[in-house]
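Subject: Structure handover

Hello,

Here is the structure for you to look over. My notes come after it.

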Amino acid sequence: MLGFVHGGEGEAQQRDVARPRQVGTAGGPTQDQARGPYWRRVARGWYLPVDVPLTTRQRILNAATVVPGSTVGGWAAAYWCGIPMLEQRGPVPVIIGRDRRCRSTPHVEVHRPAAGHVESVIVSGVAVTLPLRTAVDGV
């Protein structure tokens, strides 16, 4: 069983992942450091130290971080909650509010709910869809 450490804003994070940082923020690189060999860009303006492996869990945390206010869904929500048999290499599905402006990228697949909002639960510091929605979306 993996141990928990406390991250920013009182959330619990798994030790096997690291939250991406923005340039000039606490724990993040300076602009010069971001251009150097010790930081990897994971999205526009977001960086990770190069020694952090890009595992499936890390890719999910990256997506949840770089699309603030999003909810991780589908296979990624199931994987984050401990169902590794659903591991996939494609983009991480995230759900955002209908009023938000955000586009999909090769690493993040943005979805908007047909109506209303998506109910979520926080698991290890990441908002994921509820189990029933996760099961339906993951099929």
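Below is what was found, starting with the ground rules.

This is a predicted model: local features need pLDDT of at least 70, side-chain atom pairs count only at pLDDT 80 or more, and totals for chains, interfaces and linings use all residues. Numbering starts from 1 along each chain as its sequence is written, and side-chain values use heavy atoms, without hydrogens or water.

Sheet first. Three strands form an open, antiparallel sheet in the order E3-E5-E4. Strands (E, at least two residues) and helices (H or I, at least four) are DSSP runs, numbered from the N terminus. Two strands pair if DSSP finds at least two bridges between them. E3 (21–22) and E4 (39–43) each have a single partner strand, so one side of each lacks a neighbour in the sheet. E4 pairs with E5 (residues 46–49) over four bridges. Tryptophan 39 has proline 49 in E5 as its bridge partner.

Last, cysteines. The disulfide count is zero, taking sulfur pairs within 2.5 Å. Cysteine 81 is partly exposed at 45%. Cysteine 102 is also partly exposed, at 25%.

Best wishes

Note on methods: Buried means under 20% relative accessible area, exposed over 50%, partly exposed in between (1.4 Å probe, protein chains only).
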